[in-house]
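Please look over the sequence and the 3D structure shown below before reading on.

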Amino acid sequence: MSALELYSPTDLNDALRFMEHGDRSVAVIASGTDLLPRMRKRQVAPSVLLDISSLTEDLRYIRRSDGTVRLGALTTVADLLESPMFDDRLSMVREAASLFGAPQVRNVATVGGNVCSASSSEDLIPVFLALEAEAKLVSAQGARSVPLKDFIVGKRETALRPSEILTEVSFIVPRGHNWTAYEKLGRRNMLIIAMVNEALCLILEDDLRTIRSARLALNRVSGKIPALAARTNAFLQGKKVSDGTIAEAQKVLASELSLTSDFRGSGAYRTELALTYLKRLMERCCLKAGGTS
Amino acid sequence: MTKRTITLNVNGTERPVQVDSPDRLIDVLRDQLSLKSVKEGCSTGDCGICAILVDGKLVNCCLMLAAQCDGRRVTTLEGLLEDPTMKRMQGSFVANNAAQCGFCTPAMLMASWDLARHSPEPSSEEIKIAISGILCRCTGYYQIIDSVHEGCKGKGR
């Protein structure tokens, strides 16, 4: 790492004022578990780091009010694991957190950092996509909210403007008969970047058989960024849960997946995994619902 | 580039050190403060061999900038040599042949000590999770798991 300055703001407003300089080579750093290895590999070369890690008073919180869960950008993955918020219906948040990196990484890696990294390696993004989460982007000029699916615009590209900082990820807790589940597979159990990670939020009608809404999200659908499986989700809406429906949904998912091969695994293997996980996620959600599967 | 002076509380002692912005905590600990229990392996957060405690939390110090640690509490194995739990853990590692090449041992001890603080009688599953972020290059995990059981309880399983 060559010439590099580190700026430590006193509070969020100070950080936002600093971002107003519009210097494109400013990188925001929290714990640095993603940024620092990339800097060492010279994949990114910022000239200034804005260190927001001390702004925990402003940015580290897990709150729920009026049916909305709000996660401050500096909320750590360990915070998610320890929170009682993700016990029951939102259990996939805890599942994803428990499979994230390893304890040393979970202790410091942040929600905001994971979302801003915006690649298929990020464990939390499919979870937040399935929850239809929004990202709150703040600059000295004001704040705006962007749906997460629009926030991620390309591999490691986000809708963040140069003067903005992501301060919060929030989502409305699904109402009614809803359950969530998460699956991940990498080449080993821990400390691994997933070949496939997949999250499902399933909402059933009162009969506990008819699908009101299915939100399946994967770390890759086509290309190398996480996304909702839009066609599969549209197919499942209104269908009755059955083995036949799941088999049909697997076909739809297979048709919308376009997964490439790399050193982590082949595209064909990833596709098999994704289809198997769809079935498993549906069955797990239905099992929780006490309905049929 | 201008050096800045930061103060690290290292193993209970305030240590002012001069750092450049890109300096990693691991380099400051090893090169400036001669804390050689802190090992460098992959430098990318994949092997956990550099695990230490910062403000009481187990972290990989190859992934931290020293400048971000100004005023924070850093604990390495050197700071725990007189700690009764650590002494017991070390004895248990020796008795169970948990160190083969020994490269991961300081990190394993730090993770085990951290676990013992929070969970005096951990299950094998808890132990596996606690050490899951540290790669033993010799793959001698079972001896390590046995050692942690024994080190936590202060007696055999």
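In chain A, three strands make up an open sheet with the order β1-β3-β2 and parallel pairing; strands here are DSSP runs of E with at least two residues, helices are runs of H or I with at least four, and both are numbered from the N terminus. Two strands are taken to pair if DSSP finds at least two bridges between them. Because β1 (5-7) and β2 (26-29) of chain A stand at the edges with a single partner strand each, one side of each has no neighbour in the sheet. Ignoring direction, neighbouring strands of this sheet are turned by 25 degrees against each other on average, where the axes are lines fitted to C-alpha atoms. β1(A) and strand β3 (residues 48-51) of chain A run parallel and are joined by three bridges, and E5(A) has V48(A) as its bridge partner in β3(A).

This is a predicted model, in which local features need pLDDT of at least 70 and side-chain atom pairs count only at pLDDT 80 or more, while totals for chains, interfaces and linings use all residues. Residues are numbered from 1 along each chain as its sequence is written, and chains are lettered from A and ligands numbered from 1 in the order in which they are written.

## Contacts between chains and domains

Between the chains, 21 residues of chain A are in contact with 21 residues of chain B, contact meaning that the C-beta atoms, placed from the backbone, lie within 7 Å. On the chain A side, β1, α2 (35-40), β3 and α6 (103-106) each supply at least two residues.

Chain B is divided by its domain assignment, which is automatic or from a database, into domain 1 (4-76) and domain 2 (81-153). Their C-alpha centres lie 21 Å apart, and the contact takes ten residues from each of these two domains of chain B. Strand β3 (residues 51-54) of chain B gives the most to the domain 1 side, with three residues.

The table sets out two of these sides by class, with Ala, Val, Leu, Ile, Met, Phe, Trp, Tyr, Cys and Pro as nonpolar, Asp, Glu, Lys and Arg as charged, and the others, Gly among them, as polar.

| Domain 1 of chain B, touching domain 2 of chain B | seven residues | two residues | one residue |

## One residue in a loop

R220(A) lies in the loop between β13 (211-218) and β14 (227-228) of chain A. R220(A) counts as buried because it has 25 C-beta neighbours inside 10 Å, the cut-off for buried being 20 or more, with 12 or fewer for exposed and partly exposed in between. Leaving out residues up to four places away in sequence, R220(A) touches S120(A), P226(A) and L259(A).

Conventions. Axes fitted to C-alpha atoms, helices over the stretch in contact; angles between N-to-C directions.
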